[in-house]
Amino acid sequence: MTRLAPQPGEVVDRTRPVAFTWNGRAMTGLAGDTIASALTANGVRVVSRSMKYHRPRGYLTNDYWDPNGLVQVGDDPNVRSAHRLLEAGMAVEAQNAWPSVDHDLKAANGLVGRFLSAGFYYKTFIRPQRLWPAYERVLSTYAPGGRIDLDTPHRYYDKRYAHPDVVVAGGGPAGMAAALAAAEAGAGVTLVEHDHRLGGHLRWGSDADRAAANELAAAVEQAGVEVLVDSTVTGRYQDNWVAIVQRSHPVAVERLIKARAKVLVVAPGLIERPYVFAGNDKPGVMLSGAVRRFLNLHSVRPGERAVVFTANGDGDAAAADLDRAGVEVAEVVDAGAGQELIRALGGAKSVDGAQLGDGRRISCDLLVVAVGWTAPTSLLNMAGDRPRYDPTAARFFPNAELDTVLATGGLVGDGSLDELVDHGRATGELAARRAASVAHRLQAHTARARPVEGDEPELAPDQRPPLGRDPHPELFRSSTHGMVDFSEDVTSKDLLAAAAEGYDSIELLKRYTTATMGPSQGKLETVNTVAVLAEARGETIEEVGTTVWRPPYAPITLGALAGRVFEPVRVSSIQPWHEANGVVPIVAGAWIRPEHYGDPAAEVRNCRTNVGITDVTPLGKLDLRGPDVPRLLEQLYVNRWSKLAVGAVRYGVMCAEDGVILDDGVTGRLGDEHYLMTTTSSGAATVWEWVENWLQTEHPEWRMHVTPVTTAFTSINVAGPRSRELVRRLVSDVDLDPDAFGYMQVRTGRVAGVGGSFMWRIGFTGELSYELHVPAGHGLHVWEALLAAGADLGVAPFGLEAQRIMRLEKGHFIVGQDTDGLTKAPAAGVAGLVRLDKPDFAGRPELAWALDDPTAPRLVAIQPIDPAEVPEEACQIVREGTNEIIGRITSSRLSPTLGRGVCLGQVEPPADEPGTELTVVMTDGRRVTARVRAHHAHVDPEGVRLRG
Amino acid sequence: MERGQVPTFESPVVKQYPAGVGPLTLADLSHLAKLSVRADDDPGFGVGFGASRTDGGVLVCGQRPGEWVLLGSPAEVARVSDGIARSGHVSVIDLTHGRAVFRLTGTDASAVLEKVCSLDWSDPMTPDGAVASASVAKVVCDLVRHDVDGRHSYLISCDRSFGQYLFDAILDAGAELDIVVGAP
Amino acid sequence: MSLLRSVSSAWAAASNRASSRPPRYSAAGLLVRGARNRPWPRVWRELPLRDRYDVVIVGGGIHGLAAAYYLATNHGITEVAVLDKGYLGGGGSGRNTAIIRSNYLTPEGVAFYDRSLSLYRTMAVDLNINVMFSERGHLTLAHTDAAVRTMRWRAEVNKLQGVDSSVIGPDEIKARAPSLDTSSRPRYPILGALYHPPGGIVRHDAVVWGYARGADHRGVELHQGTEVTDIVVEGGDGTGGKGPGGRVTGVRTTRGDISAPVVLNCTAGWATLVADMAGVRLPITTRPLQAAVTEPVKMFLPTVVVSGSLHVYVSQTDRGELVFGASVDPYNTYSMRGSLEFTEELAEHVLELMPGLSRLRLLRQWSGLCDMTPDYSPVMGFTPVEGFLCDVGWGTYGFKAGPVSGEQMAEAVATGRTPKLIEAFSLSRFESGRLVGEKGAAAVGH
Amino acid sequence: MLLVPCPHCGPRNSADLHYVGESRPRPDPAVASPEEWRAYLYLQANPAGWLRETWYCRAGCRQYFVLERNTETNRFRQPPVP
């Protein structure tokens with residue numbers, strides 16, 4: 001057992017043991033432990049295997065970014081074990097190791113490591129080509145990482161929006177001070193801390209550090225700051241759209257907060273940087289922060305005898321902490337004084353000594369390294385900043401802050417605790433003042449907001465005294481080569497070789513070697529990679545520059561990004577009846593519609609012989625009012641509209657400005673200045689916006705209004721030879737006599753007692769039919785009344801499929817199915833509608849030219865010679881005896897009315913001539929002959945039925 | 001149903017919910033009369049885009065530039081509608097059957113909304129009476145803050161066909177805050 | 001014809017150039033060099049910029065490098081400079097999701113991409129670099145009847161042109177990608193899919209480096225960090241002698257002026273800006289396309305999966321990462337900063353398709369610029385300015401077309417004629433109104 | 001999420017709006033030559049810099065309006081917030 005005696009700052013609760021398993025072995029930790037501290041307390045040293053060489057790895061940084069600490073916990077892969085808190089019953093397993101993390105067969109790769117330099121795979125497995133798939137299968141078994149359990153349910157992940165004045169990313173001393181000062185200045189503040197507690201590096205520091213942290217944290221809570229721990233600002237996007245992922249939440253598994261921050265304060269502190277030297281990835285080599293967290297937070301002994309290589313106060317402090325905890329410190333190697341660390345000695349699984357620059361070999365099982373920091377400038381990069389390297393301080397610094405993105409803390413400089421807190425406070429005050437300016441501007445410009453007093457305050461100037469920069473030796477690589485990217489198994493030697501081959505810009509080097517591409521995304525590796533490249537090019541780090549840090553700042557689960565999945569669905573008022581009566585539904589856009597009720601062919605036959613009713617509520621409906629409606633209709637439809645009488649309905653085709661058919665439908669004139677336009681179901685929203693666009697941008701002078709009323713009405717089509725009889729039974733105030741209410745007419749009246757209903761006689765199905773539009777709050781009532789009143793007439797519901805069959809029998813095309821993205825009006829067989837005598841309408845020039853175009857494919861009705869053949873939709877039509885495509889079947893069904901296959905199709909001239917025999921290639925490759933018909937209609941081309 | 005008899009109004013919210021009492025409620029008010037009035041200039045409502053006003057039992061909302069939405073009982077809405085000045089081009093469209101309307105009431109009402117809508121619900125940005133339109137759980141809605149007895153309350157209306165979906169989506173969002181379905 | 005004149009001068013120059021044969025990549029090479037600690041030579045040379053070339057290619061991505069490679073290889077034209085304002089392959093070539101396929105909708109599209117696929121198939125040997133072509137099959141899911149119809153349309157056109165595509169049902173889909181939820185759910189049921197066995201993924205960077213290395217070895221000069229600031233045109237109708245009727249005499253760059261009778265615009269994202277320099281207007285708007293990658297997990301997704309309705313495409317690399325893409329961003333911009341909403345929608349849609357992935361973590365997102373044309377087809381070939389050619393407008397499908405585009409553009413430059421394979425993609429179609437019908441299938445075309 | 005300064009509602013998330021595209025005058029269709037008409041249909045300026053463009057406030061005020069945005073920075077000409 002390597003648990004120390006109680007330490008003054010420990011966060012573990014010794015009264016609460018927590019049982020868990022490691023690779024199936026039962027172990028016990030303490031409440032407050034991370035998985036890492038619990039494993040270490042149980043004597044585990046090797047926690048993972050590296051990606052390429054399967055080298056044994058132990059904890060290096062002992063924090064979220066530890067490249068060696070990824071484990072599988074239950075169904076959760078790639079869990080950061082030095083960050084995730086231990087929970088009772090956790091099943092923790094090592095990843096990337098077979099058969100076990102202690103004995104991994106793929107470690108054999110390490111033996112041939114000198115041949116597997118970075119990018120080696122580009123240079124081999126080239127010949128023979130046919131073997132590559134086999135190689136690939138083997139290589140892919142080397143994919144690192146955990147495993148996905150495909151049965152993982154999508155649990156309650158959640159999201160919310162927020163509009164805070166100030167978001168502070170980072171709960172260390174500067175971040176806490178900033179949050180506190182901003183809140184005291186009256187700002188609404190959200191403070192986000194990646195770790196489980198506020199405090200940052202103070203938490204594993206001295207007694208005074210901890211006291212200061214506790215005091216600040218208490219003050220922050222007191223000031224009303226919203227504190228989110230175990231949470232991360234994962235990105236800063238356009239206009240301060242800030243993503244915060246909350247990993248600990250009382251209700252949700254995780255919650256993504258999308259905050260429009262008026263000001264973002266970036267205070268992530270610094271990330272300790274590894275040192276490149278031979279053996280630097282052996283278990284037992286740790287950074288100073290790792291050691292101090294083990295000792296001071298979790299009271300865990302990371303080793304028995306330590307060598308400490310230190311270039312700064314943190315290294316010195318680690319040595320002191322080790323000594324105090326009773327770990328023998330064999331040697332403190334002072335890098336600042338020019339002493340060197342050459343290599344870590346020992347076998348693959350543990351360190352057993354350190355070789356120093358003076359040649360001495362000192363035995364140890366813990367080699368502590370403290371050579372400086374990486375500034376995680378990600379959030380500033382996302383705001384457009386490009387960091388600059390300062391050789392004196394041996395790290396990158398932000399270059400220029402935005403007005404509403406401020407930085408504080410270690411990211412921008414060094415200082416005593418007081419200095420950091422002062423800078424944080426000054427930043428918080430500035431943030432609050434700038435947020436007030438932004439809030440004023442927002443409120444003043446927002447229509448619904450409370451009127452705001454006075455002029456917008458000037459953006460407060462930045463008068464913060466800058467933090468100093470402590471000199472620090474530039475220590476990146478020793479005289480030996482070692483690991484630069486631990487996650488990707490990329491060494492400094494690999495980088496030098498790649499640079500020598502010509503991959504000598506930072507981006508090319510990164511791409512070729514995959515350095516910085518692994519799970520820690522460069523947080524540990526970038527600066528060392530840049531340093532090695534600078535060495536290769538004989539340039540300075542500043543000249544080489546750095547790579548762009550891309551979001552997210554920390555990996556984020558797909559669950560959190562998805563949150564609750566909102567998928568709106570639309571239903572008509574009749575939906576409860578459909579569901580209670582055996583409907584087979586179909587999803588059409590957001591609509592759930594009746595596809596059929598068991599037998600679409602029977603539904604068709606019933607419509608053709610008796611009467612059927614179908615729910616067509618999704619049909620788009622636009623209420624048009626005003627004296628200038630006819631001008632709009634002339635503008636949008638290709639055909640003539642000026643002489644539409646009150647009570648009349650007309651079919652129209654709309655084209656886009658390129659002449660391609662956009663939509664079609666009928667529009668009826670309900671009153672002098674009142675029209676109802678119908679659109680296709682899928683085109684309803686597009687047409688509405690199209691109308692608004694014309695009215696607002698091209699013709700604001702037209703006096704008319706458009707209002708979408710699609711679901712203000714429940715729409716029911718009553719179709720079949722007995723439809724008039726059925727409608728007559730429910731309508732008393734409209735004369736249904738065909739002479740009084742003829743084909744393509746509209747009437748207003750009461751249906752089954754429901755006033756304000758429209759009925760129009762149109763015939764998409766080719767039958768005598770009445771389309772009833774009744775106020776939606778009574779739609780179900782009317783539907784049930786129709787069924788009750790027509791029982792003796794054989795009334796039965798029909799669905800979308802029966803409707804599609806009947807319209808195909810009648811030869812009516814469907815926009816988007818029988819037409820496509822290139823079909824102009826003449827090609828769809830409606831050339832006769834296009835009225836070029838109108839000086840202007842949408843698409844007019846293209847249509848004028850298209851009318852003269854003899855080459856465009858035409859839509860024609862087609863019937864296979866063999867009536868039993870029913871080509872599938874999209875079967876191709878080819879020139880006989882060749883594979884040359886001259887058309888395709890766009891719609892096809894077995895007609896229940898005719899007992900044969902009927903089709904619509906697009907065919908290139910001259911094959912569109914009636915009587916032409918076409919070769920249709922069936923999906924099974926057979927070729928069948930079909931004939932072009934003279935009319936689009938297969939059934940009742942004269943229109944006797946629908947005009948009856 | 002006898003011919004000529006006016007049937008009862010069917011709400012788009014057809015599911016049955018146990019009626020509850022609590023500090024946070026969602027109620028279905030889809031039966032309210034809704035009238036959209038379109039005009040270039042204010043036809044005498046005395047309220048502009050983004051604001052609302054109560055006229056007797058009718059809530060008059062400046063819903064969009066040139067559009068006012070009236071909410072209330074049919075009789076009251078008719079009374080206000082009859083008084084509209086008809087000079088210039090004015091359109092009056094009855095949307096009673098076209099829109100679902102819900103009322104979300106309670107101290108936590110804003111907390112529910114901020115889970116499903118990106119607008120800023122703070123007092124300065126959305127004071128009592130404020131009118132806006134926005135996406136709620138991915139459905140475009142008209143929203144009015146219309147406090148009741150000093151408690152936050154919002155009227156949310158959407159296209160009727162989305163009514164059931166949206167009602168359930170708001171209940172889902174409010175579940176962690178113990179939302180209950182209130183009486184209309 | 002000036003182009004042909006330049007060919008003959010190039011022949012002469014090529015024959016004068018002493019070409020040193022580079023060391024070949026092979027396992028044996030790795031062993032020998034590993035054992036002897038002998039480094040590999042530079043993959044391409046670093047050379048001073050000269051003031052004259054026969055052909056200047058603007059854009060050092062796959063298209064530009066492939067054009068240079070085929071100019072040298074197929075036509076012996078080696079007095080060629082490829083200029084890139086950044087580093088080779090740093091634009092769309094390095095930002096795409098590396099999917100290749102040929103299951104297009106139109107006969108001209110199918111023929112074109114099929115040629116590209118065949119070049120990809122032999123690329124490792126041809127270029128002597130392992131581009132890791134993983135021919136793992138490509139599934140385009142259909143969630144609606146209309147989508148099934150479009151899939152069948154593509155399959156039928158493909159079959160007639162000898163391209164392996166078919167429509168398969170949910171059971172076979174499940175067998176090919178067990179992580180997909182093929183149950184009959186209410187919202188986005190998987191009704192069928194277009195299955196295209198030859199589709200797959202390639203290591204995109206290796207393709208760039210392979211063409212660069214191949215072109216360099218044949219005498220082409222590659223100049224990184226060299227930004228073209230102007231194209232010099234004489235005799236044109238527009239201001240400064242640019243525009244239709246003019247002819248190209250060279251380019252100005254941040255590293256000096258170059259005279260050249262032929263300038264080839266192979267840029268993506270900046271195609272209109274480069275064409276503007278010559279006074280040529282293009283039917284293009286620039287939109288970012290975003291992509292993202294997850295942390296690695298053990299292999300579970302053996303094919304490429306695309307859903308047009310859900311705007312998502314996904315594949316798992318040999319490294320175990322899931323690579324995702326979506327459709328282009330909703331507004332024009334040259335900014336390449338990613339958005340949060342892209343990742344949110346992506347996650348929603350991926351979990352809709354594969355509900356078991358909620359614990360998978362997104363590691364990195366990025367974006368690249370796409371030049372969108374009105375008909376989702378490229379603009380290739382000659383322009384109204386003599387000597388100025390374009391290979392642009394590649395939308396979201398430029399990577400898969402790289403090899404064939406280079407090959408065809410090289411032929412156009414060398415012969416002065418538009419090759420048949422790219423006739424349908426000429427700029428003049430936007431004047432005659434004869435657009436290509438690819439739009440129907442390309443809502444998400446990966 | 002881009003914040004679009006709707007002149008009616010105030011600043012709104014771009015997800016609430018529909019991007020229409022570059023604002024261009026429509027030629028007179030009665031007299032436009034094929035070249036002019038197709039230039040209107042297909043050729044856009046696509047500048048890297050300031051662009052005049054049309055947006056539709058789909059989820060909000062349902063108004064079409066023209067704004068100027070820099071396509072390299074995505075900043076609008078009127079001071080965006082924040």
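## Rings and charges across the chains

At 10% relative accessibility, C:Tyr331 counts as buried, because buried means under 20% relative accessible area, exposed over 50%, and partly exposed in between (1.4 Å probe, protein chains only). Welcome to a predicted model, in which local features need pLDDT of at least 70, side-chain atom pairs count only at pLDDT 80 or more, and totals for chains, interfaces and linings use all residues. Residues are numbered from 1 along each chain as its sequence is written, chains are lettered from A in the order in which they are written, and side-chain values use heavy atoms, without hydrogens and water.

**Aromatic pairs**

- Rings of Phe, Tyr and Trp (its six-membered ring) pair if their centres lie within 6.5 Å; planes under 30 degrees apart count as stacked, over 60 as edge-to-face and the rest as tilted.
- By this rule there are 44 aromatic pairs over all chains.
- A:Tyr512 and C:Trp209 form an edge-to-face pair, because their ring centres are 5.3 Å apart and their planes stand at 65°.
- This pair joins two chains, since A:Tyr512 lies in helix 10 (residues 506-513) of chain A and C:Trp209 in helix 9 (residues 204-217) of chain C; helices (H or I, at least four residues) and strands (E, at least two) are DSSP runs, numbered from the N terminus.
- A:Tyr512 and C:Trp209 are both buried.
- C:Tyr331 and D:Trp55 make a tilted pair, with 5.8 Å from centre to centre and 50° between the planes.
- C:Tyr331 sits in the loop between strand 16 (322-328) and helix 11 (340-353) of chain C and D:Trp55 in strand 4 (residues 50-56) of chain D, so this pair also joins two chains.
- D:Trp55 is buried, at 1% relative accessibility.

**Salt bridges**

- A salt bridge is a side-chain nitrogen of Lys or Arg within 4 Å of a carboxyl oxygen of Asp or Glu, and the count over all chains comes to 108.
- A:Glu873 and C:Arg149 meet in a salt bridge at 3.0 Å, N to O.
- That pair crosses between chains, from the loop between strand 44 (858-864) and strand 45 (876-878) of chain A to helix 7 (residues 145-160) of chain C.
- Both A:Glu873 and C:Arg149 are buried, and they belong to a network of salt bridges whose members include A:Glu595 and A:Arg893.
- Within helix 7 of chain C, C:Lys159 and C:Glu156 lie three residues apart, about one turn of the helix, and form a salt bridge with closest N and O atoms 2.9 Å apart.
- C:Lys159 is partly exposed at 35% relative accessibility, whereas C:Glu156 is buried at 3%.
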